[in-house]
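These notes are meant for a colleague who is opening this entry for the first time. Please keep the sequence and the 3D view side by side while reading.

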Amino acid sequence: MAHHGWVPVLDPRTLTPTALKSPFGRLFPASQQTYDSLAISLLAGAKGPIEQGGKAVKPANPAGFTFFGQFIDHDLTEFRVVGENLSLIPQNPTIGQRQRVLEDGEPTSTNGRIPTLDLDCVYGLLGVVEPDLFHADGQFRMRADQKDILRDPRLYRNGRLIADPRNDENKIVVQIHILFERLHNQIHSSKPGSAAEKAPGGRAFEETRRTVQNVYRRIVLHDYLPRIVQEPHINAVLDKLERGETFYQAMNRRARAAFRQAFPRYETLGLEREVQPEGLIAMPVEFAHAVFRLGAHAASVRLCHECRPRLSAVRLGHGSAR
């Protein structure tokens, strides 16, 4: 299994021109952030609220939504270390070292995902379709019964054919991943078009991908989100978004301004062909590395721990989508 903070790529240098398509940003200025090691230890340590032991508490939502939240996390964010001249370094960050994001200048970290709910953890990194995942007719390459991804350590990096190996961390998340691949295949099989149009990147293929993305977005917006956020809070945020008053929009304005300020240097790296400041969308580090990751993973680990005796009594094929 790959380290959770990064996903190996065939050649990290090939992503360098798009390393800042989706930079990290800050909702709050770095000067306002303090780190209290005692508070963190009390939160995550023994007898803390994240401790696995103790009396099981029935979750307010069906357990599957916890793992769906983990899948969403993988679709929105993935930590990448940035080296000199925006080269991507396939490693985890140095423990205890404060990372710089785009608005800090000379970034040391960037996001490996585009936070627009576009299923790039299924289709390919940074919104770019990975052709190796598909047959020539635009269908996802899967096991013949479509109940698992292809696995062969001799043929595929990490031993499996999957855009984001983190989606294969446990049997539940990989089933969610497989369901979206199967949905794509089902829709695409009846899509009219020439061989070129149905091939990865073709017109018909992109239509299928947009359909699957829209299904996914509707699930997130109308089913998942109302389960974890109360409706008045959702409406309040939507109202502020319409008025341009959110911390998120202010963060994106700072990120775009930082990109424009440094653009002459980035232009020499070929970024003018790939990234336009107006379309730059930042991911808040406070969300990616704290709020969502902490909640989703703490809950999923606990649920796996509590459900293990029951799961062991059931014969499940790895990655079964039933």
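The points below go from the overall fold to charged pairs, a surface patch and some backbone details.

1. Basis of the notes. The model is predicted, so that local features need pLDDT of at least 70 and side-chain atom pairs count only at pLDDT 80 or more, while totals for chains, interfaces and linings use all residues. Residues are numbered from 1 along each chain as its sequence is written, and side-chain values use heavy atoms, with hydrogens and water left out.

2. Overall fold. The chain contains 9 helices and 5 strands, where helices (H or I, at least four residues) and strands (E, at least two) are DSSP runs numbered from the N terminus. Along the sequence these elements follow the pattern β-α-α-β-β-β-α-α-α-α-α-α-β-α. Of the 322 residues in the chain, 43% are buried; buried means under 20% relative accessible area, exposed means over 50%, and partly exposed lies in between, with a 1.4 Å probe and protein chains only.

3. Salt bridges. The whole structure holds 18 salt bridges, each being a side-chain nitrogen of Lys or Arg within 4 Å of a carboxyl oxygen of Asp or Glu. One of them joins Arg151 and Asp148 at 2.9 Å, N to O; Arg151 is partly exposed at 34% relative accessibility, whereas Asp148 is buried at 3%. Another pairs Glu245 with Arg243, with the closest N and O atoms 3.1 Å apart, and Glu245 counts as partly exposed at 45%. Salt bridges that share partners also link Glu78, Arg80, Arg113, Asp164 and Arg166 into one network.

4. Glu78 sits in the loop between H2 and strand S2 (79-82), and its relative accessible area of 0% makes it buried. Its side chain meets that of Arg80 in a salt bridge of 3.4 Å, N to O, and Arg80 is likewise counted as buried, at 6% relative accessibility. The side chain of Glu78 also makes a polar contact of 3.2 Å with the side chain of Arg113, a polar contact being a pair of N or O atoms within 3.5 Å in which, within protein, one must be able to donate a hydrogen and the other to accept it, and residues adjacent in sequence count only if both atoms are side-chain atoms.

5. What does Asp75 have as its nearest side chain of opposite charge? Asp75, which lies in helix H2 (residues 63-76), is buried yet has no salt bridge, and the nearest side chain of opposite charge is that of Arg113, 5.9 Å away. For this count Lys and Arg are positive and Asp and Glu negative, while His and the chain ends are not counted. The side chain of Asp75 does reach the backbone nitrogen of Leu119, at 3.0 Å.

6. Positive phi values. Most residues other than glycine have a negative phi. Leu119, in the loop between strand S4 (109-111) and H3, has a positive phi near 60°, and this residue counts as buried at 0% relative accessibility. Gln146 also has a positive phi near 60°; Gln146 is placed in the loop between H3 and H4 and is partly exposed, with a relative accessible area of 27%.

7. Val237, Leu238, Leu241 and Tyr248 make a nonpolar surface patch of about 310 Å². Patches are made of residues with over 30% relative accessible area and no salt bridge, like charges being joined within 9 Å and nonpolar side chains (Val, Leu, Ile, Met, Phe, Trp, Tyr) within 5 Å; accessible areas come from the Shrake-Rupley method with a 1.4 Å probe, and for residues only the protein chains shown count as cover. Helix H7 (residues 231-243) gives the largest share of the patch, 3 residues, while Tyr248, partly exposed at 31%, lies in helix H8 (residues 247-267). The 13 residues of H7 should span 18 Å at 1.5 Å a residue, and its end C-alpha atoms are 19 Å apart, which agrees; the expected span is 1.5 Å times one less than the number of residues. Just after H7, Gly244 takes a positive phi of about 70°.

8. A contact across the sequence. His135 is in the loop between helix H3 (120-123) and helix H4 (171-189) and is partly exposed at 41%. His135 and Pro200 are 65 residues apart in sequence, and their C-alpha atoms are 8.2 Å apart in space.
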